[in-house]
Amino acid sequence: METLKALYDYFPTSVFTGRSLVFISEDWRVELTEHQNSDFSKNSASCPVIRVKVFKRALNGEFLPGHYEDFQICPVGELAEQIERYIQAAIGKNIKEYDVDG
């Protein structure tokens, strides 16, 4: 959770739910969750995995899961930059300037 809390500072338009960071608009929902590496052969101090899930609103109003990507970059600044680029490419919007009207 520490990495998600650090990412919260980089993305002021996100909402921290206690389990994830969420960006939501009329057409999109983007969710960031933190997972610890389950490979016990690696050092326990390794970077956590941040999973970025993208959902698109369907005609019926429900958010349908689209695609997701896992990021495992240790410097939080670089991690935030790469996540931001990924989300911008996926939804075509700058999430730092996201407005609730989509």
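# Getting to know this predicted model

User: Over how many bridges do β3 and β4 pair?
Analyst: β3 and β4 are antiparallel partners; strands (E, at least two residues) and helices (H or I, at least four) are DSSP runs numbered from the N terminus, and two strands pair if DSSP finds at least two bridges between them. This is a predicted model, where local features need pLDDT of at least 70 and side-chain atom pairs count only at pLDDT 80 or more, while totals for chains, interfaces and linings use all residues. Residues are numbered from 1 along each chain as its sequence is written, and side-chain values use heavy atoms, leaving out hydrogens and water. The number of bridges between β3 and β4 is 8.

User: In what order do the strands form the open sheet?
Analyst: The open sheet is made of 5 strands, and their pairing is antiparallel. Its edge strands, which each pair on one side only, are β1 (15-16) and β5 (63-71). Reading across the sheet, the order is β1-β2-β3-β4-β5.

User: Which residue in β4 is the bridge partner of R29?
Analyst: Let's look at the β3 and β4 pairing, which is antiparallel. Within it, E31 stands opposite K53. For R29, the bridge partner in β4 is F55.

User: How many residues lie between β4 and β5 in their hairpin?
Analyst: β4 and β5 pair in the antiparallel sense over 7 bridges, with I50 opposite F71 in β5. In the turn, G61 has a positive phi of about 95°. The number of residues between the two strands is 5.

User: At about what angle does helix α1 run to β3?
Analyst: Helix α1 (residues 2-10) lies across β1, β2, β3 (28-35) and β4 (49-57). The angle is taken between axes fitted to C-alpha atoms, for helices over the stretch in contact, and runs from 0 to 180 degrees between N-to-C directions. For α1 and β3, it is about 140°.

User: Why is the pair of Y8 and F16 called tilted, and at what angle are their planes?
Analyst: Rings of Phe, Tyr and Trp (its six-membered ring) pair if their centres lie within 6.5 Å, and planes under 30 degrees apart count as stacked, over 60 as edge-to-face and the rest as tilted. Y8 is partly exposed at 39% relative accessibility, as is F16 at 29%. The ring centres are 6.4 Å apart, and the pair is tilted because the planes are at 55°.

User: How many residues apart are F11 and F23?
Analyst: F11 and F23 form an edge-to-face pair, 5.5 Å centre to centre with 85° between the planes. Both F11 and F23 are buried. F11 is in the loop between α1 and β1 and F23 is in strand β2, so this pair links distant parts of the chain, and the separation in residues is 12.

User: Over the ring of which residue does the charged end of K56 sit?
Analyst: A charge sits over a ring if NZ of Lys or CZ of Arg is within 6 Å of the ring centre and within 35 degrees of the ring normal. The charged end of K56 is 4.6 Å from the centre of the ring, and that ring belongs to W28.

Methods
Contact = heavy atoms within 4.5 Å. Buried < 20%, exposed > 50% of the residue type's maximum accessible area, 1.4 Å probe, protein only.
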